[in-house]
Amino acid sequence: MESSVLEWLGVEIIGVMSPVSICMFLVVLLVYSLSSPSTTATTIATAANLVYAENPSDTAAQKLEGAVLNAVVFIVFIALATFLLVLLYYYNCTAFLLHYTRFSTFFVLAAMGGSILLSLLERFSVPLDAVTSFLLLFNFAVVGVLSVFAGGGLPILLRQCYTVCLGIIVAAWFTKLPEWTTWTVLVALALYDLVAVLAPGGPLKLLVELESSRNEELPALVYEARPTVNTRNHAAAVGFIVAGVSDSETSRIELQVVSRVNSNNNNNLSSNNDNGENGINDEWERSPLVGGMRFGEVVVDEGMSPLVEMSGVGENEEEGEGVRRKIGERGIKFGLGDFVFYSVLVGRAAMYDLMTVYACYLAIISGLGCTLILLSMCRKALPALPISIALGVLFYFLTRLLMEPFIVGTATNLMMF
Amino acid sequence: MEASQGNHPNPNPNPNRNNSVASSVPVWPTIDGPLGLSEEESVGYARRFYKFGFALLPLLWAVNCFYFWPALRHSHSFPRIRPYVVGSAIGFAVFATLLSSWALTFAIGGERLFGPVWDQLVMYNLADRLGLTGWS
């Protein structure tokens, strides 16, 4: 048993660590290249900071109180959106969920990705013309939606790349939250994920059970580390307990993206009266009406994302070496929210120092390893956020408050390095 | 195809070496090998993506070539898929040439070639006017 676990981990860890590492690395690159101290960062109002807009001049007590309130409101939104998702799925509104997920994917790639693209063009003064950039963005968004939801018609590698891209874009937007709010929201999300997945009656647990009882796949954004032939041949088997959980989480993440885009559009609308494009104006006029509901949905998405899933294949149970083959044949599935929140944590650390980035990265990867080990032992859906987020936050503050003064002091006095 | 599919227990198959028939003829039409589409499904998808590419989506042509690379690479295999993949390759090559020519002309020529219109067309100035840079 021990050797088989190690053998399985050796194969699976690479498949799981690689996309997470790539996602975090690219978010750190984005944060470093686009954040300039001279630019006064406009605080974008999102579902995560509805209650309290953080100001540098506030006292620590005010910041803490406001951040906690923000986190509580955010979690309530997520929980409401998750239960809404459960209800929709329960009453067989799968088509609606599928179309909504596709729309939110397109919106993330086109609107939020476009915003990041424009910032990069402006930062590096790339003389790209309007026609070319719109054409590239349109192709990128449409191919993204097709690759994530078109089933078997596109390469697996492309689907994986686009899933990572979605995570990067959403995480980059999340790094715009104020500092205290970011930390409280991350901790609150980890706790929420723990409750939603493991508690009886938790919304994610309900979704998993519903999906497994129906053998119908819930439309959602999921990163599948290593698809297998058997998984594809037995579509019914995909409706495992784990799959349902990750599905719901992924769709929630997308919702979050949508709400943020809406808030961004609102800001643009208020700051740009000269905009003459009727189409954009129409979208902006609509967004306030739908804003409330979407905020809730977005929150739900974010909260739901953290789940590491294993989808098993029944056939392999007949094998002589049933345990090893069974483990080896299973593909691990990640909800997209895991990518997002790991990257938000590292992105926030990147705004302080590279030392905290290294510490957080190692902590998150260690937490992921612990979750994988637990997964191989428990063999059921597990939340992926709690261990990694707890270790990441702990290591960040330890590095920032204890390790950095020590190293800087010794380096200054030539006692080290 | 399904009969030979059962002969590949390897979870990470290499599509170019899954041949149980000959050493140079690919068995699977897609780069995903047995995880991808069968030949029957591939024809429909290849045709669909080839046609979608004409709707200002040349990236789909590139994806078509990438996905059905075995059919493109081996000239005598999969005769029903190959016309669409070759068409996609030609279409993407033409489009990439045209677009990169225009983009490079715009970037290198600059204001000398296009006059004051260049300042209005360049994306970062346009983004400033439209107020689309709320993220940074």
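**Reading the model**

Mentor: Chain B has 7 helices and 0 strands, where helices (H or I, at least four residues) and strands (E, at least two) are DSSP runs, numbered from the N terminus. Read from the N terminus on, the elements of chain B therefore run α-α-α-α-α-α-α. This is a predicted model, in which local features need pLDDT of at least 70 and side-chain atom pairs count only at pLDDT 80 or more, while totals for chains, interfaces and linings use all residues. Residues are numbered from 1 along each chain as its sequence is written, chains are lettered from A and ligands numbered from 1 in the order in which they are written, and side-chain values use heavy atoms, with hydrogens and water left out.

Trainee: Which residues does B:Ser42 contact, and is B:Ser42 buried or exposed?
Mentor: Contact means heavy atoms within 4.5 Å. B:Ser42, which is found in helix 2 (residues 39-52) of chain B, is buried, with a relative accessible area of 0%. Leaving aside neighbours within four places in sequence, B:Ser42 is in contact with B:Pro29, B:Thr30, B:Leu37, B:Phe68 and B:Ile81. A second case is B:Cys65, which is found in helix 3 (residues 58-67) of chain B and counts as buried at 11% relative accessibility. With neighbours within four places again left aside, B:Cys65 is in contact with B:Leu72, B:Val85, B:Ser88 and B:Ala89.

Trainee: How should I read a salt bridge, and how many are there over all chains?
Mentor: Side chains of opposite charge can pair when their charged atoms come close. The rule used here asks for a side-chain nitrogen of Lys or Arg within 4 Å of a carboxyl oxygen of Asp or Glu, and by this rule the count comes to 2 salt bridges over all chains. In one of them, A:Arg400 pairs with A:Glu179, the closest N and O atoms being 2.9 Å apart. This pair links distant parts of the chain, with A:Arg400 in helix 15 of chain A and A:Glu179 in helix 6 (residues 179-198) of chain A, 221 residues apart. A:Arg400 counts as partly exposed at 24% relative accessibility, and A:Glu179 counts as partly exposed at 26%.

Trainee: What does the salt bridge between B:Arg80 and B:Glu40 tie together?
Mentor: The side chains of B:Arg80 and B:Glu40 meet at 2.9 Å, N to O. B:Arg80 lies in the loop between helix 4 (69-73) and helix 5 (82-114) of chain B and B:Glu40 in helix 2 of chain B, so the pair ties together parts that are 40 residues apart in sequence. B:Arg80 counts as partly exposed at 43% relative accessibility, whereas B:Glu40 counts as exposed at 58%.

Trainee: How many disulfides does the structure hold?
Mentor: A disulfide is a pair of cysteine sulfur atoms within 2.5 Å, and the structure holds 0 disulfides over all chains. A:Cys23, for instance, is in no disulfide, and the nearest cysteine sulfur, that of A:Cys165, is 8.8 Å away. A:Cys23 is buried, with a relative accessible area of 0%, whereas A:Cys370 counts as partly exposed at 36% relative accessibility.

Trainee: What does UniProt list for chain B under "transmembrane region"?
Mentor: UniProt positions are given in the numbering used here, feature names are shortened, and annotations may be inferred rather than shown by experiment. The unreviewed UniProt entry lists residues 52-72 and 84-108 of chain B under that name. In the model, residues 52-72 of chain B are 71% helix and 0% strand, with end C-alpha atoms 19 Å apart. Residues 84-108 of chain B are 100% helix and 0% strand, and their end C-alpha atoms lie 35 Å apart.

Definitions and conventions: Buried < 20%, exposed > 50% of the residue type's maximum accessible area, 1.4 Å probe, protein only.
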